[in-house]
Structure formats: structure tokens, C-alpha cells
Amino acid sequence: MISFRALALAGSLLLGCGGATPTPTPTPAPAPSALLSQDEMVGLCERLHREVVSCTREFVGLNIDLRIKYMPEFAERMADPEFRKAVEAEGAKETIDDAASAHERCVEFAKPAWGQPQPRTDLAALDGCYAQTACDAKMACLRPLIEPRFAYRAQHPSAESH
């Protein structure tokens, strides 16, 4: 049997050490990564495709300009007015189709094979772009945010086949 004296001694030791149970120190939440996760990249892509459908012509023009810049063979072919007309028509159809099936398309486009994840800071920048009412202003705002993926694909052509 434990004596009252032993319990009193144990109690005094506990009190002398700061109490019976120490209060756990809360662990701070981990800081978010500077880059978006795969799921966040899919969400970013889905929203982009929904937001640009209202500026289909301008978005197609932006994509053509970026492909011309990063794909010399494409640039050569765009000199042919008939080819350019066909690319513009196909681009408009793709833009509308991508908005309608954004999730499926974005799961593919968000893969690392298509480029590094976007910086987390791009989310606020994209919000600012989407708030632009004029399509030309919206595309000018979007260009520096989406151009790195075009540059990456130009440097890593095998990404096109993934």
C-alpha cells in the first residue's frame, strides 16, 4: 500500500516541477509551399480555362503568339494565311472545349512534365487578371503568368507527348 506520506511527497515533487501535467506547446501550422500543389495546379488551370472563354479570340491570339515565339517550325507555318486561319479556328474550338471539359484537360496540363508548378503568388496575380474587363488587358496580364510553361515545353519537347 502506498502511504499518505508517499502521496504527499509525490504531489509536492509534481508541484515543484511546475504542476501535474505540463501544457503542451501548440505546434505552428507548416507554412504553405511557395509552389502550388498538383491539385492546386489543376484548380488554377480549370479556372483559367473558364475565365478566358469570354475572350476566346484574344486567348487564341495569345497562344499563337507564344507558340510562334517558342516554336520556330510553327512560326514558319504561321506565315501561310490559310494555315493561320485554320489554327485560329481550331484554337477557338479548343478554348471552348477546354472550358467545358476543364478538369480532364487540366489534370494533363498540370503534370510536372508540362513545367514547374506555378508560384503561390500567381493566384493573387491571376485574380487581378480575371478582374480586367477588356480582353486585351486581360491577356496582357495573363501572358507573363502562362508564358513560363510555353518556354518550358520549348526546352523540353518530350513534354508534348505526355
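**Questions about a predicted model**

Guide: C129 is buried, since its relative accessible area is 0%, and buried means under 20%, exposed over 50% and partly exposed in between, with a 1.4 Å probe and protein chains only. Please keep in mind that this is a predicted model, in which local features need pLDDT of at least 70 and side-chain atom pairs count only at pLDDT 80 or more, while totals for chains, interfaces and linings use all residues. Residues are numbered from 1 along each chain as its sequence is written, and side-chain values use heavy atoms, with hydrogens and water left out.

Visitor: How do you know that C129 and C141 form a disulfide?

Guide: A disulfide is a pair of cysteine sulfur atoms within 2.5 Å, and the sulfur atoms of C129 and C141 are 2.0 Å apart, so the pair meets the definition. The link of C129 and C141 is left-handed, with -80 degrees about the S-S bond. Distant parts of the chain are linked in this way: C129 belongs to helix α7 (residues 122-130) and C141 to helix α8, twelve residues apart.

Visitor: How many disulfides does a search of the whole structure find?

Guide: The search finds three disulfides. C45 lies in helix α2 (residues 38-52) and C106 in helix α6 (residues 102-109), so that the pair, 61 residues apart, links distant parts of the chain. Both ends count as buried, C45 at 8% relative accessibility and C106 at 0%.

Visitor: What makes the link of C55 and C135 a disulfide?

Guide: The S to S distance of C55 and C135 is 2.1 Å, and because this lies within the limit, the name applies here too. The pair links distant parts of the chain, with C55 in the loop between α2 and α3 and C135 in helix α8 (residues 135-155), 80 residues apart. C55 is buried at a relative accessible area of 1%, and C135 is also buried, at 18%. If bonded cysteines are counted along the chain, the disulfides follow the pattern 1-3, 2-5, 4-6.

Visitor: How many helices and strands are in the chain?

Guide: The chain has eight helices and zero strands, where helices (H or I, at least four residues) and strands (E, at least two) are DSSP runs, numbered from the N terminus.

Visitor: How do you know that the buried residues of α7 are on the same side?

Guide: The buried residues of α7 are D122, L126, C129 and Y130. They cover an arc of only 95 degrees around the axis, and therefore they lie on the same side of α7; the arc is that of the directions from the helix axis to the C-beta atoms. The buried residues of α7 pack against α2 and α8.

Visitor: What makes the aromatic pair of F74 and F83 edge-to-face?

Guide: The structure holds two aromatic pairs. In the pair of F74 and F83, the centres are 6.2 Å apart and the planes are at 70 degrees. Rings of Phe, Tyr and Trp (its six-membered ring) pair if their centres lie within 6.5 Å, and planes under 30 degrees apart count as stacked, over 60 as edge-to-face and the rest as tilted, so F74 and F83 form an edge-to-face pair. Both F74 and F83 are buried. F109 and W114 are likewise edge-to-face, with 5.5 Å centre to centre and 70 degrees between the planes, and W114 counts as buried at 7% relative accessibility.

Visitor: How do you know that R153 lies over the face of F150?

Guide: R153 is at 5.0 Å from the ring centre of F150, and a charge sits over a ring if NZ of Lys or CZ of Arg is within 6 Å of the ring centre and within 35 degrees of the ring normal.

Visitor: What makes S158 partly exposed?

Guide: S158, found in the segment after α8, has a relative accessible area of 47%, and because this value is between the two cut-offs, S158 is partly exposed. The C-alpha atoms of S158 and W114, 44 residues apart along the chain, are separated by 9.2 Å.

Conventions. Contact means heavy atoms within 4.5 Å.
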